[in-house]
Amino acid sequence: MHRFPTFATALAALGVPALFAMATLPASAAARPATAGPMPTLATACEGRDAWDAPAPPQRIFGNTWYVGTCGISAVLVTSTAGHILVDGGVPEAAPLVLANIRAAGFRPRDVRWIVSSHEHWDHAGALAALKRATGARLALRAPSAKALASGTVPAGDPQAAGLRPSPAVMADRIVDDGAVVSVGPLRLTAHATPGHSPGSTSWTWRSCAGADCRAMAYADSVTALASGSWRFSDHPAYVASFRRALTTVAALPCDILMTPHPEASDLFARLAHGTPPRDPGACRAYAARGAARLDETLAKEAGAPQKPAP
């Protein structure tokens, strides 16, 4: 991992005025401060910088939904005057960057009431323990993620277990099932069980409005069939069947604006380069189709690879 500059230094490097970085935040949980100049877009700030720990500026995605992650890993803040919900945290080193982005966007970390997660891998959940401590928020996870993050180590049943770093251990405050709703004031985030990339993979949907313009927001979890070590999808037909059901779920999500844990997987920064991304109800179907094609490709490669002899 890289060493981090201070956030003010990082903002200065991105061309953000110092006055903005030091602005006094408003008392209102939903208000935004005046700035001395425009923030750079994510597309501009992160051009050629896709490291998972690379500082990025915050940017409004649509309505009350904000990107507060790094150049390489997403974290999304959904805001309201009653409090906020944070989706994902990134690698362990990203925690101070996410907190600084929440402040830079004009919100207070202590107004984050819930944190939810896409899945239990360290690149997305590594910062959750630090973010939970810093905000005082409660953490909602599906059971497989909760079990893995309680110890900080994913189980052998995870396709990528052999290649993953451990995460700082963190306890869930609530176990959510498929269809469960995490709410704060007017906010309603719905959990969708989409296991495949990991056993605990969870996608989240909600509704955001800008005046009378309301859109279905979908934070669809990773759909890449990726394995490490000797783990083979073809050796686990039940897991593959579950993965295919999850891809069907992702394809059917209400999905005017798609976001993903790795922003490049949904071309998020390019779509935000000129402000609000266009409405694209077919984005989740296309994303799921790419995941299905990758799964088929993986299975075909495994079928063509020589089998290891039985012990």
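This is a predicted model: local features need pLDDT of at least 70, side-chain atom pairs count only at pLDDT 80 or more; totals for chains, interfaces and linings use all residues.
You will find Ser-80 in the loop that links strand S3 (76–78) with strand S4 (84–87).

Next, go to Trp-206. Together with Trp-204, Trp-206 touches the most other members of the largest nonpolar core, which has 31 residues. Show what surrounds Trp-206: leaving aside neighbours within four places in sequence, its contacts include Val-76, Val-78, Val-87, Met-217, Tyr-219 and Met-259. In soluble globular proteins, nonpolar side chains tend to be buried together.

Now select strand S11, residues 213–219. Five of its seven residues are buried, leaving S11 mostly covered. What joins S11 to strand S10 (residues 202–210)? Look for seven bridges between the two, which run antiparallel. One place to check is Cys-209, which stands opposite Cys-214 in S11. At the turn of this hairpin, two residues lie between the strands, and Gly-211 takes a positive phi near 65°.

Finally, bring in strand S12 (residues 257–259). S12 runs parallel to S11, and three bridges join them. Click on Tyr-219 and then on Met-259 in S12, its bridge partner. To finish, show helix H8 (residues 237–251): with S11 and S12, H8 makes a right-handed β-α-β unit.

Note on methods
Residues are numbered from 1 along each chain as its sequence is written. Side-chain values use heavy atoms; hydrogens and water are left out. Helices (H or I, at least four residues) and strands (E, at least two) are DSSP runs, numbered from the N terminus. A nonpolar core is a set of buried Ala, Val, Leu, Ile, Met, Phe, Trp, Tyr and Cys residues joined through side-chain atoms within 4.5 Å. Buried means under 20% relative accessible area, exposed over 50%, partly exposed in between (1.4 Å probe, protein chains only). Contact means heavy atoms within 4.5 Å. Two strands pair if DSSP finds at least two bridges between them. A crossover is right-handed if, with the strands pointing away from the viewer, the path from the first strand over the helix to the second runs clockwise.
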